[in-house]
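Subject: Handover of a structure and summary of findings

Dear colleague,

Please find the structure below, passed on for your records.

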Amino acid sequence: MSWKGSKPTDFFKNIEKSGTEKLQGLASQAINDVVSLSPSICGSFKGSHTVSVNNPDNSFKEHNDPSGSSTISKGQSTIKNAKFGDSVYIQTNHPLGSEIEHGNASKAPQGVYSIAFLNLKSKK
């Protein structure tokens, strides 16, 4: 007996493709929001955000990026490698990161990551 119509494996491939697209879309939105919401402290905070897949990146590299464009671009490149089922980490290890996130910066009184998370949550 031969199979007629769509195969069960086709269903899984569609779910996997949709899941990958959703993951990449949300992660892209998150890195854009995080960098855009970041105050420019000589550009070093905007440039401090990193994106990694399946493992956090606990390093800190001083990267001056006042506009945030190269940080977003680099993050987007990493996000393109993420697949359905992966974990995408967006983080900063900047020495002032915790202070900024807890509202101790006049240009980000409500933090950065918390606002980016609320933006994502509202999109569902």
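The model is a predicted one. Of the 124 residues of the protein chain, 32% count as buried. The accessible surface of the chain comes to about 7,900 Å², and carbon and sulfur atoms account for 55% of that area.

Overall form

Four helices and two strands make up the secondary structure of the protein chain, and their order along the sequence is α-β-α-β-α-α. The radius of gyration is 18 Å, well over the 14 Å that the globule rule gives for 124 residues, so the chain is more spread out than a compact globule. Along the principal axes, the C-alpha atoms fill a box of roughly 70 × 30 × 20 Å. As for contacts between residues at least 6 apart in sequence, 68% of them join residues at least 24 apart.

The strands

Strands β1 and β2 run antiparallel and are joined by five bridges. Strand β1 covers residues 49–53 and is mostly covered, with four of its five residues buried. His49 stands opposite Thr92, which belongs to β2.

Salt bridges

Side chains of opposite charge can pair when their charged atoms come close. A search of the whole structure finds two salt bridges.

- Lys17 and Glu21 form a salt bridge through their side chains, at 3.9 Å from N to O. Both residues lie in helix α1 (residues 8–37), where they are four residues apart, about one turn of the helix. Lys17 counts as exposed because its relative accessibility is 54%, whereas Glu21, at 47%, counts as partly exposed.
- Asp57 and Lys61 form a salt bridge in which the closest N and O atoms are 3.8 Å apart. Asp57 has a relative accessibility of 22% and therefore counts as partly exposed. Lys61 is exposed, with a relative accessible area of 54%.

A nonpolar surface patch

Phe11, Ile15 and Phe84 make a nonpolar surface patch of about 320 Å². Phe84 is placed in the loop between α2 (69–79) and β2 (88–92). The relative accessible area of Phe84 is 43%, so this residue is partly exposed; the cut-off for patch membership is over 30% relative accessible area.

Yours sincerely

How values were computed. Residues are numbered from 1 along each chain as its sequence is written. This is a predicted model: local features need pLDDT of at least 70, side-chain atom pairs count only at pLDDT 80 or more; totals for chains, interfaces and linings use all residues. Side-chain values use heavy atoms; hydrogens and water are left out. Patches are made of residues with over 30% relative accessible area and no salt bridge: like charges are joined within 9 Å, nonpolar side chains (Val, Leu, Ile, Met, Phe, Trp, Tyr) within 5 Å. Accessible areas come from the Shrake-Rupley method with a 1.4 Å probe; for residues, only the protein chains shown count as cover. A salt bridge is a side-chain nitrogen of Lys or Arg within 4 Å of a carboxyl oxygen of Asp or Glu. Buried means under 20% relative accessible area, exposed over 50%, partly exposed in between (1.4 Å probe, protein chains only). The radius of gyration is taken over C-alpha atoms; the globule rule is 2.2 Å times the number of residues to the power 0.38. Contact means heavy atoms within 4.5 Å. Two strands pair if DSSP finds at least two bridges between them.
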